[in-house]
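Visitor: I have never looked at this structure before. Could you walk me through how to read it?

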Amino acid sequence: MNNKEKFDRYESLLRQWSKRMNLVAPSTLDDIKTRHFADSAQLADVLPKNAHIVDLGSGAGFPGVVLAIMGWRVTCIESINKKVLFLSDVKEKLGLDNLTIYHGRVENFIAALPHENKNIVFTARAFAPLVKILDYVAKTKRPIFLLKGRQIPAEIDVAKQHYKFDYELISSKTGDGYIVIIKNCR
């Protein structure tokens, strides 16, 4: 199955499962390719090619599954069982051997994270405010690549009250939000 076929199958699974549970906002189902796939895929322009991506609060798999389809090694962290079942179904039906699904809480995964794996980077989309994300991952000293909405300048101001970090904002190609790259968090 080529990547186009994988994305088509992923879209089909997302539509099927969304009839039974709230995976994404129903209003976005008419524009899955742009709103979810292209939005997630734009991280490919800024991610290190050899990164092992850890996607925080993966939900329906954005951006984690999209990046796995594109070839990255990805671990999706999800605590809600029905979303884990969806992600597992996607992994199986798309044949994504480079995708691992972690059923549990982000803080438990981070506590068990091996220190020797320097290729790990974090991603998230629609997961939590920036300061909460930093509460989870700042101590790992790993880069963070986020897809955030137009409220991110205010989130950065709040986070700067608790953490020091370097950041870069890149305008989204698919909406009025941003890619946020966080490095050197302390």
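Guide: We will go from the whole chain down to a single residue. Keep in mind that this is a predicted model.

Visitor: Let's begin with the fold. How many helices and strands does the chain have?

Guide: Count the elements, then read their order. Here there are seven helices and seven strands. Along the sequence they follow the pattern α-α-β-α-β-α-β-α-β-α-β-α-β-β. The radius of gyration is 16 Å, close to the 16 Å that the globule rule gives for 186 residues, so the chain is as compact as a globular protein of that length.

Visitor: What does the C-alpha trace span along its principal axes?

Guide: The trace spans about 45 × 35 × 30 Å. Of the 186 residues, 52% are buried.

Visitor: And which share of the contacts joins residues at least 24 apart?

Guide: Take the contacts between residues at least 6 apart in sequence: 61% of them join residues at least 24 apart.

Visitor: Now a single residue, please. Where does Ala60 lie?

Guide: Find its element, then its surroundings. Ala60 sits in the loop between strand E1 (52-55) and helix H3 (64-69).

Visitor: Is Ala60 buried or exposed?

Guide: The cut-off for buried is under 20% relative accessible area. Ala60 has 4% relative accessibility, so Ala60 counts as buried.

Visitor: Which residues does Ala60 touch?

Guide: Leaving out residues up to four places away in sequence, Ala60 touches Tyr10, Leu14, Leu23, Val24, Phe86 and Leu87. Look also at Lys83: this residue is 23 residues from Ala60 along the chain, and their C-alpha atoms are separated by 6.5 Å.

How values were computed: Residues numbered from 1 in each chain as written. Predicted model: local features only at pLDDT ≥ 70, side-chain atom pairs only at ≥ 80, totals over all residues. Heavy atoms only, no water. Helix = DSSP H or I, 4+ residues; strand = E, 2+ residues; numbered from the N terminus. Rg over C-alpha atoms; globule rule 2.2 N^0.38 Å. Buried < 20%, exposed > 50% of the residue type's maximum accessible area, 1.4 Å probe, protein only. Contact = heavy atoms within 4.5 Å.
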